[in-house]
Amino acid sequence: MKKKQYEAQSASDLIDLFISTSIDQYKAEIVDDHRRWTVLYRKIESIVAELKSRPGDQRDRLVQLYDHKNMQVHVNAALATLAVSPTAARAELQRIAGWPHSAQRVQALDMLEALAKGRYVPS
């Protein structure tokens, strides 16, 4: 989907697209399809950028996904909300970091380390 197509969608539709894309990303990770995972990652980045560009920065709407049943939705939501809900997002990343070994746990641990060392500054 192109940027202009995201502009025409409601925030609720973007949240639904964020969820479905995250679930597709989870499935790509399970079958070790790195190319597909990366394509979906870029799509998620575009969705998040669209939410950010909206009046008031609507990325905070993704906080509601911290309780989603899919692990990739959790981690993507936490990563996407670091700039707008830093305390809640870090707490969610800490929670994910405590999960049994998974790709999402590794993502959370990597981001927590990057934040602690100043290699990543949320914007």
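Q: Which residues does Ser 85 touch, not counting residues up to four places away in sequence?
A: Ser 85 touches Asp 60, Val 63 and Tyr 66. Please keep in mind that this model is predicted. For a contact, heavy atoms must lie within 4.5 Å.

Q: Where does Ser 85 lie?
A: You will find Ser 85 in the loop between α4 and α5.

Q: Why does Ser 85 count as buried?
A: Its relative accessibility is 17%, and buried means under 20%. Ser 85 therefore counts as buried.

Q: What separates the C-alpha atoms of Ser 85 and Asn 70?
A: These two residues are 15 places apart along the chain, and 20 Å lies between their C-alpha atoms.

Q: What makes Gln 107 count as buried?
A: Gln 107 sits in helix α6, which covers residues 103-116. Its relative accessibility is 17%, and the limit for buried is under 20%, so Gln 107 belongs in the buried class.

Q: With which side chain does the side chain of Gln 107 make a polar contact?
A: The partner is the side chain of Gln 72, at 3.2 Å. A polar contact needs N or O atoms within 3.5 Å, so this pair qualifies. Gln 72 is also one of the residues that Gln 107 touches, leaving aside those up to four places away in sequence; the others are Trp 37, Val 75, Asn 76 and Leu 79.

Q: How much space lies in the largest pocket, and which residues are closest to its centre?
A: The largest pocket holds about 450 Å³. Of its 18 lining residues, Tyr 41, Glu 45, Leu 79, Ala 80 and Tyr 120 are the closest to the centre.

Q: Which helix gives the most to the lining of the largest pocket?
A: That is α3, with seven residues. At least two residues each come from α3 (34-53), α4 (71-80) and α6. By type, the lining divides into twelve nonpolar, three polar and three charged residues.

Q: What makes the pair Arg 54 and Glu 50 a salt bridge?
A: Their closest N and O atoms are 2.9 Å apart, and the cut-off is 4 Å, so the pair meets the definition. Both Arg 54 and Glu 50 are buried. Across the whole structure, a search finds five salt bridges.

Q: Why are Arg 95 and Glu 92 separated by about one helical turn?
A: The reason is that they are three residues apart in helix α5, residues 86-97.

Q: Why does Arg 95 count as partly exposed, and Glu 92 as buried?
A: Arg 95 has 40% relative accessibility, which falls between the limits of 20% and 50%, so the partly exposed class applies. Glu 92 has 5%, which is under 20%, so Glu 92 is buried.

Q: How do you know that Lys 117 is exposed?
A: Exposed means over 50%. Lys 117 is at 56% relative accessibility, so the exposed class applies. Glu 113, at 35%, counts as partly exposed.

Q: Which residues are linked with Lys 117 in a network of salt bridges?
A: The network joins Lys 117 with Glu 113 and Arg 119. For Lys 117 and Glu 113, the closest N and O atoms are 3.2 Å apart, and this is within the 4 Å cut-off, so the pair counts as a salt bridge.

Key
Residues are numbered from 1 along each chain as its sequence is written. This is a predicted model: local features need pLDDT of at least 70, side-chain atom pairs count only at pLDDT 80 or more; totals for chains, interfaces and linings use all residues. Side-chain values use heavy atoms; hydrogens and water are left out. Helices (H or I, at least four residues) and strands (E, at least two) are DSSP runs, numbered from the N terminus. Buried means under 20% relative accessible area, exposed over 50%, partly exposed in between (1.4 Å probe, protein chains only). A polar contact is a pair of N or O atoms within 3.5 Å; within protein, one must be able to donate a hydrogen and the other to accept it, and residues adjacent in sequence count only if both atoms are side-chain atoms. On a 1 Å grid over the protein atoms alone, a cavity is a set of points where a 1.4 Å probe fits but cannot get out, and a pocket is an open set with protein on both sides within 12 Å along at least five of seven lines; lining residues have an atom within 4 Å of a point. Grid points are joined across faces, edges and corners, and a volume is the space filled by probe spheres set on the points. Ala, Val, Leu, Ile, Met, Phe, Trp, Tyr, Cys and Pro count as nonpolar, Asp, Glu, Lys and Arg as charged, and the others, Gly among them, as polar. A salt bridge is a side-chain nitrogen of Lys or Arg within 4 Å of a carboxyl oxygen of Asp or Glu.
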